[in-house]
Amino acid sequence: MPIQSPSSDTVLIAANELRKMNLPKRDFRQCMFIHDENINLIREDCDIMKYAKLFKEVMEHPPIDKLFGVKFSVPMKTDIKIGKNVNDCEKLKI
């Protein structure tokens, strides 16, 4: 619980940063959050690697220092998974 709670809060902060980017709604849509995961829908005909790299960058570097004046001393790591549904997702190598 002590680890998951800050992790889940950080995911919400990162999701808000993605929302502020005004990504094309026809290509990308934030779908839901499950604990410390951010589930997004992306059209198959889009540049999925472009979005995956963007998501990874935002998730690993949320603006915690700007919002709360603290810097994490431990790097955050994010796995990006892709699939037709949550159950069938596999890790994407970036």
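Me: Which element gives the most to the lining of the largest pocket?
Reply: In this predicted model, the largest pocket has a volume of about 1200 Å³. The elements that supply two or more residues to its lining are helix H1 (4-20), strand S2 (37-42), helix H2 (48-60) and strand S3 (81-82). With six residues, the element that gives the most is S2.

Me: Which residues lie nearest the centre of the largest pocket?
Reply: The lining of the largest pocket consists of 34 residues. By class, this lining has seven charged, seven polar and 20 nonpolar residues. Those that lie nearest the centre are Asn38, Ile39, Asp79, Ile80 and Lys81.

Me: How many residues of the lining of the second largest pocket are nonpolar?
Reply: The second largest pocket holds about 230 Å³ of space. Its lining includes Pro62, Ile64, Val70 and Phe72, and also Glu60, Asp65 and Lys71. Divided by class, the lining has three charged residues and two polar ones, and the number of nonpolar residues is seven.

Me: Which residues does Ile80 touch, not counting residues up to four places away in sequence?
Reply: Ile80 is among the residues with the most contacts inside the largest nonpolar core, and Ile80 also lies among the residues nearest the centre of the largest pocket. Not counting residues up to four places away in sequence, Ile80 touches Ala52, Phe55, Lys56, Glu90, Lys91, Leu92 and Ile94.

Me: Why does Asn22 count as exposed?
Reply: Asn22 lies in the loop between H1 and strand S1 (28-34). Asn22 has a positive phi of about 50°, although it is not a glycine. Most residues other than glycine have a negative phi. The term exposed requires over 50% relative accessible area, and Asn22 counts as exposed because its relative accessibility is 66%.

Me: Is Asp27 buried or exposed?
Reply: Asp27 is placed in the loop between H1 and S1. Not counting residues up to four places away in sequence, Asp27 touches Leu41, Ile42, Arg43, Cys46 and Tyr51. A residue under 20% relative accessible area is termed buried. Because its relative accessibility is 12%, Asp27 counts as buried.

Me: How far apart in space are Cys31 and Asp45, C-alpha to C-alpha?
Reply: Cys31 lies in strand S1 and is partly exposed, with a relative accessible area of 40%. Not counting residues up to four places away in sequence, Cys31 touches Ile39, Asn40 and Leu41. Cys31 and Asp45 are 14 residues apart in sequence, and their C-alpha to C-alpha separation in space is 18 Å.

Me: Where in the protein is confidence highest?
Reply: The protein averages a pLDDT of 87, and 95% of the residues score at least 70. Confidence is lowest in H1, at a mean of 83. Confidence is highest, at 95, in strand S4 (residues 90-91).

Note on methods: Residues numbered from 1 in each chain as written. Predicted model: local features only at pLDDT ≥ 70, side-chain atom pairs only at ≥ 80, totals over all residues. Heavy atoms only, no water. 1 Å grid on protein atoms, 1.4 Å probe; cavity = no way out; pocket = protein on both sides within 12 Å on 5 of 7 lines; lining within 4 Å. Points joined across faces, edges and corners; volume = space filled by probe spheres on them. Helix = DSSP H or I, 4+ residues; strand = E, 2+ residues; numbered from the N terminus. Nonpolar A, V, L, I, M, F, W, Y, C, P; charged D, E, K, R; others polar. pLDDT = per-residue confidence, 0-100. Core = buried A, V, L, I, M, F, W, Y, C linked by side-chain atoms within 4.5 Å. Buried < 20%, exposed > 50% of the residue type's maximum accessible area, 1.4 Å probe, protein only. Contact = heavy atoms within 4.5 Å.
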